Amino acid sequence: MLRVARRVSRGTPSDVLSLPYEDRKKSRLRVTSERGRDVAIVLERGSTLRDGDLLAADGGEILAVRAAAEMVSEVSSADALSLTRAAY
């Protein structure tokens, strides 16, 4: 299993971690890369991963973070008060 404990600003990724937002906001996580490898992410608490971030494994291998496609809802209203009530 690859262990990732730090971010890097440069490098050529050898693998990709496609993660939904729910996983990207966690600092400790076990995931499977796109190449099928197990990866343990152990970052400082409170850190959030963003699309395009680069992570370095303990062995020096670089992994790219990709924001996974997710379902979203779009809501609109001509009346701001009704929209506010629906949101809360």
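A salt bridge is a side-chain nitrogen of Lys or Arg within 4 Å of a carboxyl oxygen of Asp or Glu. The model is predicted, so local features need pLDDT of at least 70 and side-chain atom pairs count only at pLDDT 80 or more, while totals for chains, interfaces and linings use all residues. Residues are numbered from 1 along each chain as its sequence is written, and side-chain values use heavy atoms, with hydrogens and water left out.

**Exercise 1.** State how many salt bridges a search of the whole structure finds, and examine the pair D53 and R7.

*Solution.* 
1. One N to O distance of 2.7 Å joins the side chains of D53 and R7.
2. R7 belongs to strand β1 (residues 2–8) and D53 to the loop between β4 (38–42) and β5 (54–57), so the pair ties together parts 46 residues apart in sequence. Strands are DSSP runs (E, at least two residues), numbered from the N terminus.
3. D53 is buried at 17% relative accessibility, whereas R7, at 34%, is partly exposed. Buried means under 20% relative accessible area, exposed over 50%, and partly exposed in between (1.4 Å probe, protein chains only).

**Exercise 2.** Classify the accessibility of the partners in the salt bridges of R30 with D38 and of K25 with E22.

*Solution.* 
1. The side chains of R30 and D38 meet at 3.1 Å, N to O. R30 is exposed at 58%, and D38 is partly exposed at 32%.
2. For K25 and E22, the closest N and O atoms are 3.6 Å apart. K25 is partly exposed at 39%, and E22 is partly exposed at 45%.

**Exercise 3.** Identify which residues D15 is linked with in a network of salt bridges.

*Solution.* The network links D15 with R37 and E61.

Methods
Helices (H or I, at least four residues) and strands (E, at least two) are DSSP runs, numbered from the N terminus.
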